[in-house]
Amino acid sequence: MKATWLGALVAALVSVHVAAAWEIPPDNGTLGTDAIRAILAGNDYPATTSYTQTIDFIDFTAHGQRFTQVVVTLTPAAPRLRNGKKLVVVGAEPGSEYGMDFVSTVEGKEGPGVWLARRGVTFVALTRVGRWNFLAPTSDGSWESVPIGQRMPIFNRAQKAPWPAATYEVKRSGVAVSTSPSVSAIYRFPKKGTDLERQMLAATPRVFLEGYRLALEKAIPDRRGSLVLFWGMSTGGASLYPLAKYYTPDGYLGWGTSSTGLAYVNNRTAMGNFNDIYEHSALRVRERGLDDFEVYTRHVDPRTRAAWWKAALRSPRFKSTEDEAMQFGAAALTEHAMRLWQSDFLPAADRSAGLAALMQAMFEPSYPPAELAKLPILDVNGTDDEALPPSTVDANRSVMERYARKYRVGRIEGLHHYLFTQDSITIVGSTWMRYIESGFFD
């Protein structure tokens with residue numbers, strides 16, 4: 001009996017030791033399978049608190065049009081501190097989704113924002129203007145009641161009905177989605193002279209950043225007392241890097257994070273692709289259908305994929321004019337600027353600064369801002385990331401590192417682009433917490 005009890009105690013102690021015996025990888029190193037097993041077997045970062053969720057709507061005008069920015073904030077009852085400051089993670093919506101994907105996964109379980117909030121980290125979920133369905137019968141921004149082929153951006157909460165089919169035209173790209181995560185089979189463009197065209201013309205790259213800035217000023221009232229880390233999930237990174245000029249964080253967390261348009265165009269041209277800079281992406285809405293979803297779910301069985309796809313239809317499943325800046329579509333940015341300049345609704349105040357100022361404002365969000373020189377950047381990815389494999393992460397670093405105070409890359413063995421499962425959320429969340437504890441962001 002005594003031996004059995006002693007053996008159990010030893011086994012328990014060994015288990016605790018193994019669970020705790022993992023470290024963040026060295027720069028450009030990989031968190032391996034042993035460390036992953038240790039994270040999942042242990043409980044290094046248990047839930048410590050409850051949280052409250054709030055959704056705020058912020059109305060503003062830009063280029064003569066009305067916009068509504070939505071921000072979802074998860075506030076823990078007992079905040080986690082780092083050097084006396086509250087930890088705050090800001091997530092920019094992933095790909096073609098919206099802020100609520102940080103709250104609930106396609107499995108219908110708690111998302112990464114909730115994982116962090118339950119551990120004392122305030123989580124601020126941003127969603128780009130146009131991505132929230134203000135007409136949702138459930139009042140939660142969901143798009144599931146709208147057929148995917150009829151989804152167009154809704155830019156402000158005053159809109160009373162979806163955009164009718166007569167306001168846009170549908171085109172097929174003729175390109176297989178499997179060839180690249182940045183293309184789609186179906187595109188929709190606003191028709192000339194419509195209110196939809198005016199809204200999309202006014203939704204310049206700077207407007208997305210202005211919405212984000214207003215959201216963060218609302219969601220983080222105690223900026224001085226907070227350690228604010230940006231996480232641009234997927235295409236969110238291309239917005240959060242230039243945002244540093246208008247709202248400067250304390251650093252960048254990375255998981256599946258895209259880089260600036262400058263890094264994107266460097267990567268494509270390094271592979272001999274000089275076509276994307278001429279791509280007709282101005283005023284384009286890119287449908288992210290089932291074919292796109294399958295690119296990111298090839299590792300699961302068809303039944304699971306079908307269930308996840310059904311849940312994913314809550315999300316917008318489209319991308320709009322952010323493609324221009326994210327992919328540094330030089331021709332598209334120029335076209336967008338000139339169509340806006342030639343429009344009949346651009347306010348005189350916008351014209352007073354001159355055409356050069358408008359053109360410069362269109363291109364600026366594709367570049368790394370000077371503020372990055374004060375900031376640490378952490379870029380973590382899975383080795384099986386479908387959109388940002390290790391080679392792309394390394395290429396992004398070759399462009400971006402010189403603009404940051406310090407830059408570090410980490411990889412996690414076998415993980416994919418999206419954090420669809422509870423295990424993947426736990427692994428990445430625990431790794432982030434260990435990086436924070438290491439003092440990387442101090």
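How many cavities of 30 Å³ or more does the structure hold? I found four cavities of 30 Å³ or more, taking a cavity as a set of points, on a 1 Å grid over the protein atoms alone, where a 1.4 Å probe fits but cannot get out, and a pocket as an open set with protein on both sides within 12 Å along at least five of seven lines, with lining residues having an atom within 4 Å of a point. For volumes, I joined grid points across faces, edges and corners and took the space filled by probe spheres set on the points.

I note that this is a predicted model, in which local features need pLDDT of at least 70 and side-chain atom pairs count only at pLDDT 80 or more, while totals for chains, interfaces and linings use all residues. Residues are numbered from 1 along each chain as its sequence is written, and side-chain values use heavy atoms, with hydrogens and water left out.

I looked up the largest cavity, which holds about 260 Å³ of space, and its lining of 19 residues, of which Pro94, Asp101, Tyr418, Leu419 and Phe420 are the closest to its centre. The lining divides into 12 nonpolar, three polar and four charged residues, where Ala, Val, Leu, Ile, Met, Phe, Trp, Tyr, Cys and Pro count as nonpolar, Asp, Glu, Lys and Arg as charged, and the others, Gly among them, as polar.

The second largest cavity has about 100 Å³ of space, and its lining includes Arg128, Phe208, Glu322 and Pro365. I recorded α5, α6 and α10 as the elements that give two or more residues to this lining, helices (H or I, at least four residues) and strands (E, at least two) being DSSP runs numbered from the N terminus. By class, the second largest cavity is lined by eight nonpolar, two polar and two charged residues.

Turning to open space, I recorded a volume of about 500 Å³ for the largest pocket. Its lining has 28 residues, with Tyr264, Arg268, Ala387, Leu388 and Thr392 nearest the centre, and the elements that contribute two or more of them are α7 (261–270) and α14 (390–400). This lining has 11 nonpolar, 13 polar and four charged residues.

I then checked α7 itself, where Gly261, Ala263, Tyr264, Val265, Asn267 and Arg268 are buried, buried meaning under 20% relative accessible area, exposed over 50%, and partly exposed in between (1.4 Å probe, protein chains only). These buried residues of α7 pack against α10 and α14, contact meaning heavy atoms within 4.5 Å. Just after α7, Gly272 takes a positive phi of about 85°.

The second largest pocket holds about 360 Å³, and of its 17 lining residues, His63, Thr204, Arg206, Asp350 and Ala361 lie nearest its centre. I listed β2, α5, α12 (348–352) and α13 as the elements that give two or more residues to this lining, which divides into 11 nonpolar, three polar and three charged residues.

Which residues of α13 are buried? I found Leu358, Met362 and Phe363 buried in this helix, residues 355–363; seen down the axis of α13, they fall within an arc of 135°, so they line one face of the helix, the arc being that of the directions from the helix axis to the C-beta atoms. The face turned away from the buried side carries exposed Ala356 and Gln360, while the buried residues pack against α5 (205–219), α10 (322–326) and α11 (330–341).

For α4 (residues 195–202), I noted that six of its eight residues are buried, so this helix is largely enclosed by the rest of the structure.

**Salt bridges**

I counted 26 salt bridges, each a side-chain nitrogen of Lys or Arg within 4 Å of a carboxyl oxygen of Asp or Glu. One of them joins Asp59 and Arg157, whose closest N and O atoms are 2.7 Å apart; Asp59 lies in strand β2 (residues 51–62) and Arg157 in the loop between β6 (122–127) and β7 (168–172), 98 residues apart.

Glu364 forms a salt bridge with Lys245 at 2.4 Å between the closest N and O atoms. Glu364 lies in the loop between α13 and β13 (376–382) and Lys245 in the loop between α6 (237–243) and β10 (251–253), so the pair ties together parts 119 residues apart in sequence.

Are Lys319 and Glu322 buried or exposed? I found both Lys319 and Glu322 buried, and their side chains meet in a salt bridge of 3.2 Å, N to O.
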